[in-house]
Amino acid sequence: MKLLFENWRQYLNEDDKFSGNCGMYAIALGEEAIKRKKEVEEVEEVEGVVMIVAHNAENLQDLLNGEPDIYHIAVEIDGIIYDGRGKVSSVDKLLDFINNPFAKVDYLALDDTFKTLVRTQTNWTTTCEEYAKEASDLLDKIGGEAT
């Protein structure tokens, strides 16, 4: 675990999106993307927003209800991955700082179950509401790429 935190330090910044708040940031970014898609397409259900969770749980049930180590959370919007760094070229690049060959990746919907997972299984200190403006700014910056 110590090695994991040492590797994370190179990615830490003032808002600490790599040490507990990555899930909250991903929620904010995913919710903003969904909101924008609904405004453009005027539909109830929006596809194309998927949450990516890197963890060590044996199965989905253990991930949701056990005590897994959650290494990182990001969001995929229309096939493009984003986290606190911005655009990430691949899942391998997303996970390159984890340094755990046994890390597993699951793709989950941005729903109440996922939000509960983030709130109960991560060490967050900043809410997704506090990241809303930053998420909106990122989507403005990348333009149509994520909407």
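This is a short tour of the structure above, stop by stop, for you to follow in your viewer.

**Before you start**

You are looking at a predicted model, in which local features need pLDDT of at least 70 and side-chain atom pairs count only at pLDDT 80 or more, while totals for chains, interfaces and linings use all residues. Residues are numbered from 1 along each chain as its sequence is written, and side-chain values use heavy atoms, with hydrogens and water left out.

**Stop 1: the whole chain**

Show the chain as a cartoon, and you can pick out six helices and five strands. Helices here are DSSP runs of H or I with at least four residues, strands are runs of E with at least two, and both are numbered from the N terminus. Of the 147 residues, 45% count as buried (buried means under 20% relative accessible area, exposed over 50%, partly exposed in between, with a 1.4 Å probe and protein chains only). Among contacts between residues at least 6 apart in sequence, 70% join residues at least 24 apart; a contact means heavy atoms within 4.5 Å.

**Stop 2: the sheet**

Now select the five strands. They make an open sheet in the order β4-β3-β2-β1-β5, with antiparallel pairing; two strands pair if DSSP finds at least two bridges between them. Which strands stand at the edges? They are β4 (86-88) and β5 (104-108), each with a single partner strand, so one side of each has no neighbour in the sheet. On average, neighbouring strands are turned by 35 degrees against each other, direction ignored.

Zoom in on β2 (residues 70-77) and β3 (residues 80-83): these run antiparallel and are joined by three bridges. Select Glu 76, and look for its bridge partner in β3, Ile 81.

**Stop 3: a helix across the sheet**

Axes are lines fitted to C-alpha atoms, for helices over the stretch in contact, and angles run from 0 to 180 degrees between N-to-C directions.

**Stop 4: Val 91**

Next, select Val 91, in helix α4 (residues 91-95). Leaving aside neighbours within four places in sequence, Val 91 is in contact with Ile 81, Val 105 and Tyr 107.

**Stop 5: two tyrosines**

Select Tyr 25 and Tyr 131. A search of the whole structure finds one aromatic pair, and these two residues form it: edge-to-face, 5.4 Å centre to centre, with 90 degrees between the planes. (Rings of Phe, Tyr and Trp, the last by its six-membered ring, pair if their centres lie within 6.5 Å; planes under 30 degrees apart count as stacked, over 60 as edge-to-face and the rest as tilted.) Tyr 25 lies in helix α2 (residues 22-41) and Tyr 131 in the loop between α5 (112-121) and α6 (132-142), so the pair ties together parts that are 106 residues apart in sequence. Are these tyrosines buried or exposed? Tyr 25 is buried at 4% relative accessible area, and Tyr 131 is buried at 2%.

**Stop 6: the two sides of α6**

Finish with α6, where Ala 135, Ser 136, Leu 138, Leu 139 and Ile 142 are buried. They cover an arc of only 160 degrees around the axis, which puts them on the same side of α6; the arc is that of the directions from the helix axis to the C-beta atoms. Turn to the other side of α6 to find Lys 133 and Lys 141 exposed. After α6 comes Gly 143, whose phi is positive, near 65 degrees.
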